[in-house]
Structures are given as structure tokens and as C-alpha cells.
Amino acid sequence: MEVPPPEELKQPLVVPYKLLMGPGPSNPPPRVMNALTHPILGHMHEEMFQIMDDIKKGIQYVFQTKSKLTLALSASGHSGMEAIFSNLIEPGDRVLVLVNGYWGQRASDIAKRHGAQVKTLVQIGDTFSIITIDNAIQTFRPKLLFIIHGETSTGVCQPLEGIGEITKRYNCLLAVDTVASLAAVPFKMDAWKIDVAYTGSQKMLQAPAGITPIAFSDRAQHVIFTRKSEVPVYYVDMKILGRQWGCFDSSRTYHHTTCSSLLYALREALALAVEEGLENRIEKQKFCAQKLYEGLQNLGFEFYVEEEYKRLPSVTTVKVPQGINSNEVVAYVMKKFHIDIQGGLGPTAGKVFRIGIMGYNTTPEKVAIVLEALKDALHNCRKSKF
Ligand SMILES: *Cc1c(COP(=O)(O)O)cnc(C)c1O
């Protein structure tokens with residue numbers, strides 16, 4: 001054979017344990033990891049449909065929605081953005097994106113690729129007021145407003161209450177990325193009149209990456225079913241995908257082969273959310289974030305988001321201190337403690353550290369561990385300079 005069998009693949013797989021305290025992924029709990037080892041089922045098996053129905057109910061609970069068009073996309077968080085623009089936008093439609101960091105920029109990039117006429121409001125590292133949003137919608141008249149609820153590049157949490165009333169008034173759809181905010185702060189899809197929301201499995205939901213819960217309101221569903229052109233991306237066409245998930249009636253038709261293992265993991269992750277209760281999770285998140293803030297302050301860090309009420313409690317951003325190289329600290333913490341923290345991303349690259357406390361790692365003990373590691377790193381990385 002011209003290409004010989006590679007030597008590397010003659011060795012068994014070895015994967016080290018790392019404590020994941022960055023902006024995602026996070027370490028899933030044992031019950032979720034164990035779920036991955038259940039036998040594989042066919043995607044059209046009766047038992048699989050039951051699991052998918054359980055997942056739908058779990059997603060409706062975590063999103064606080066009664067939306068029928070609720071399912072999990074077989075891809076990572078980005079697929080939520082692709083699904084929104086593919087299904088709700090036709091070429092030439094106007095989209096307004098609130099940009100308070102990297103993910104807002106990413107959303108506007110994807111919207112443009114779908115032929116949307118995109119306008120952005122930019123306030124990196126800050127939140128948008130209701131008045132600013134109202135004015136922008138009134139003048140631009142978008143078909144869809146896109147908001148990142150928890151912007152993990154800057155650590156900002158955009159308040160959502162009251163925005164749905166404005167979008168309704170102007171017949172505009174409201175889309176929200178809750179990839180890193182869901183189950184960290186309150187989120188009420190129906191009560192807040194949100195038309196489409198998606199989240200990340202690997203962040204607060206404590207499952208592996210690669211499966212993305214998403215829900216569309218009746219209003220959004222109507223837009224999908226009355227659009228003039230075909231949904232351009234078959235893989236995220238909700239009209240067809242929704243049929244496999246039994247969203248419209250009890251008949252199911254094949255769209256693609258779902259990954260049964262990931263669905264088991266997501267099902268168990270949602271079951272854990274149900275068992276613990278969202279309110280309790282949110283309380284716990286607040287408590288642990290507070291512990292982290294105190295510890296970071298004691299280490300002399302300054303917060304990138306000054307006002308505490310604007311901070312996303314799942315990802316905290318602190319400024320890189322003078323005389324410190326953020327890459328060096330991130331590498332040091334990984335090498336010595338096997339802990340994953342991250343530097344900045346996009347507009348915050350080189351400027352901040354991002355420390356995540358998500359899901360299974362949302363405990364005072366894990367917060368203490370990451371603070372100890374940072375303390376050691378600051379001491380040693382500073383010393384190496386002089
Ligand atoms: C992580 C993240 C994403 C992207 O998720 P992937 O699973 O990496 O595709 C999207 N939005 C926000 C706010 C995120 O933090």
C-alpha cells in the first residue's frame with residue numbers, strides 16, 4: 001500500500017483529565033458521561049422517539065416555553081445561528097444584531113452569508129438599553145433582532161426583559177443566543193416573547209458538545225411555513241427536521257441519522273436540570289460567581305465588566321495585569337494544574353482572562369482550586385519577567 005498504516009494508531013488512546021474552567025466546554029457529571037456508553041439505537045426506533053420526546057420536554061422546561069417546534073440540532077452551538085438565519089431569513093431581509101463582543105460579530109457574519117441586509121449596534125463589553133434598541137428598530141425596521149444573552153468573549157449579560165414587547169410592536173422576530181447563559185441566569189422564552197432561542201449543550205447544561213437545543217415560537221413557525229424560497233440549508237430545515245422530531249404530528253420521517261449517544265447524554269443532562277430545579281441552579285451560580293469575584297479581587301484583579309449586575313455569572317472576565325502575558329498564564333495553569341482557563345477572544349484578545357464556572361464545576365471547591373492556580377501563576381509568571 002502506498003500509504004502505510006500510521007504508527008500512532010497502533011497505540012491505544014490516552015486522554016488526560018483536565019479541569020475545564022474556561023468559557024466552555026465544561027466537564028460533564030458522571031451520570032451524563034455514563035449515558036454515552038448505552039447501546040446504540042437506530043434513529044427511527046420507537047425507544048429513540050421516546051428519548052427525543054423526553055428531550056423536547058426537557059428543552060421546553062429549561063427554555064420555559066410551550067413551543068411545539070422544539071428539538072436538538074445534531075451540531076455544536078453555531079448550528080443555532082445557522083438554523084435561525086436559514087429558516088427565518090430570505091435574501092434581502094433586514095437583520096439587526098446587538099454586538100457586545102465576538103459572538104455578536106459572528107452572528108452578523110453568518111446573517112450576511114444568508115443574504116441578509118445586516119445592521120449592527122456595537123457596544124463591546126457593555127449592555128444595550130431598551131431605548132437604544134427601540135430607536136434602532138424604529139429606524140431600521142428589521143425582520144429579525146438577534147441578541148447574544150451571555151457574551152462569553154466579554155463576560156457581559158444582556159438583559160432581555162421588555163425587548164420582546166418592542167419587537168412585537170414592529171412585527172420583528174426576536175432571536176436569542178443563550179449558549180452560555182441558560183441555567184446561569186433566569187430565561188423565560190414565552191413570558192419574554194422570544195421567537196427563537198438556542199443553547200449550548202457543553203456549557204451550563206453539562207453535556208458534551210455537538211448537540212444544540214433550539215425552539216421556535218408559533219410566530220416564527222408561521223414565518224418558516226410561509227416563506228417564499230426554500231430553506232437554503234437542508235441540514236437545518238426545520239420543516240423537515242421537525243417531522244423527524246414529531247413536532248407537527250405523530251408521524252415521523254427520516255431527515256438524518258441522529259447520534260443516539262449524544263441524545264442519551266443530553267437527556268440525562270436535562271434530567272439533572274429537572275432534578276435540581278432551575279431556580280436552585282441559578283442561586284448556586286450566583287453564589288459561586290460571588291466567591292470567584294471576591295477571590296479575584298483579593299488577587300488584585302480588575303474586572304473587565306465593572307458593574308457587577310452586568311456580568312455573566314458563568315464566565316468572568318478580568319483584565320490582564322501590567323507586566324503579565326496572558327498566554328503565559330494560561331499555559332502555566334494548564335501545565336502545572338491541568339486546569340483550562342482562557343485568554344480573550346476577538347475584541348478582548350490579549351486583554352482579559354476568561355474564567356468559567358459551568359454546570360458540574362459550579363461549586364465553591366472548584367472556584368477555590370482555580371483561584372489557587374491563578375495565584376501561583378501570577379506569582380511565577382511575574383517573577384520570570386524580572
Ligand atoms: C460557545 C459559544 C457559541 C458557540 O458554540 P459552539 O458549540 O462552539 O459552536 C455561541 N455563542 C456563545 C455565546 C458561546 O459562548
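Which helix does Lys239 lie in? Lys239 sits in helix 8, residues 238-244. Keep in mind that this is a predicted model.

**View 1. Lys239, a buried lysine without a salt bridge.** Here we zoom in on Lys239 of helix 8. Its side chain is buried, yet no salt bridge goes with it. Which side chain of opposite charge is nearest to Lys239? That would be Glu230, 4.6 Å away, and a salt bridge needs the charged atoms within 4 Å. Setting aside neighbours within four places in sequence, Lys239 is in contact with Ile224, Phe225, Arg227, Val231 and Phe248.

**View 2. Ile224 of helix 7, with a relative accessible area of 0%.** Move over to one of the contacts of Lys239, namely Ile224. Ile224 belongs to helix 7, residues 218-226. Is Ile224 buried or exposed? Its relative accessible area is 0%, so Ile224 counts as buried. Once neighbours within four places in sequence are left out, Ile224 is in contact with Leu69, Asn87, Leu88, Phe216, Met238 and Lys239. Take Met238 from that list: Ile224 and Met238 are 14 residues apart along the chain, and their C-alpha atoms are separated by 7.9 Å.

**View 3. Helix 3, largely enclosed by the rest of the structure.**

**View 4. Strand 10, covered on both faces.** How many residues of strand 10 are buried? Five of the five (residues 212-216), so the strand is largely enclosed by the rest of the structure.

**View 5. An open sheet of three strands, in the order 11-14-13.** The pairing in this sheet is antiparallel. Strand 11 and strand 13 (342-343) are at the edges with a single partner strand each, so one side of each has no neighbour in the sheet. Strand 11 (residues 315-319) has four of its five residues buried, so the rest of the structure still largely encloses it. Five bridges link strand 11 to strand 14 (residues 352-356), where Thr316 stands opposite Ile355. Strand 13 is joined to strand 14 by two bridges, and Gln342 stands opposite Arg354.

**View 6. The largest pocket, with a volume of about 450 Å³.** Which residues lie nearest the centre of this pocket? They are Val185, Pro186, Tyr309, Arg311 and Pro313, out of 20 lining residues. Helix 10 (residues 278-298) provides the largest share of the lining, six residues.

Definitions and conventions
Residues numbered from 1 in each chain as written. Predicted model: local features only at pLDDT ≥ 70, side-chain atom pairs only at ≥ 80, totals over all residues. Heavy atoms only, no water. Buried < 20%, exposed > 50% of the residue type's maximum accessible area, 1.4 Å probe, protein only. Lys, Arg positive; Asp, Glu negative; His and termini not counted. Contact = heavy atoms within 4.5 Å. 1 Å grid on protein atoms, 1.4 Å probe; cavity = no way out; pocket = protein on both sides within 12 Å on 5 of 7 lines; lining within 4 Å. Points joined across faces, edges and corners; volume = space filled by probe spheres on them. Pairing = 2+ DSSP bridges.
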